[in-house]
Amino acid sequence: CEPFRIPDFNDEGVVTQIANYKRAITNLGSINFSAVEEFEEENKRFTELSTERDDLLKAEEDLLSVVADLSKEMQEIFDYEFGKISKNFEVTFKEIFGGGSGKLVVDTNAEDPLSAGIDIIVALPGKKQSNISLLSGGEMALTAIAILFAILKSKPMPFCVLDEIEAALDDTNVSLFARYLKKFVGNTQFIVITHRKPTMEQ
């Protein structure tokens, strides 16, 4: 025992220390002889789940990147096409109303530009500029028709059905609508559903 002897060993408190060690050993519980095998099994499962998680995170990152690219492309297309329609509307509005001005404006305060609202600002001949909501029913209908023709100018469609779109107009403006419609028959085939005599006559 001599090699294990501690010189100047102080035995005070040794009993308490031994008791603490025994209590700590007891608290460890019984020995699990299969702990190594269980650890390897759990570690293998952890590795597999971690790999799956990393794959999912990578897939999410790729999808978000695709969505961002598509959103950017859609925004560019929208801006380009909306610009053309807006310019055409300024022309069709003046032609249909015989003057005044009309503008299409995108709400720049929206968080998502692709779902932003569009304001229609018009000034009828001899009147102040106002929002379309302040116009009469007939004026609103004629403004909507001007927007329709602005879209057709921007991108002519081979086929178009117009169902009572001039119903709210008086006879004078119905005739104006019908004559204006004739400008587009070279590029688009129209089926016009109407009960208005001036449209039928044109």
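Two colleagues discuss how some labels used for this predicted model follow from computed values.

Modeller: Because the model is predicted, local features need pLDDT of at least 70 and side-chain atom pairs count only at pLDDT 80 or more, while totals for chains, interfaces and linings use all residues. Residues are numbered from 1 along each chain as its sequence is written, and side-chain values use heavy atoms, with hydrogens and water left out.

Colleague: Why is F184 called buried?

Modeller: Buried means under 20% relative accessible area, exposed over 50% and partly exposed in between, with a 1.4 Å probe and protein chains only; F184 has 9% relative accessibility, and therefore counts as buried.

Colleague: What does F184 touch, leaving out residues up to four places away in sequence?

Modeller: With contact meaning heavy atoms within 4.5 Å, F184 touches F149, L152, K153 and F190.

Colleague: What makes F78 and F82 a stacked pair?

Modeller: Rings of Phe, Tyr and Trp (its six-membered ring) pair if their centres lie within 6.5 Å, and planes under 30 degrees apart count as stacked, over 60 as edge-to-face and the rest as tilted; the centres of F78 and F82 are 5.5 Å apart with 20° between the planes, so the pair is stacked.

Colleague: Why is the pair of Y180 and F184 called tilted instead?

Modeller: Y180 and F184 lie 5.8 Å centre to centre, but their planes make 55°, so the pair falls in the tilted class.
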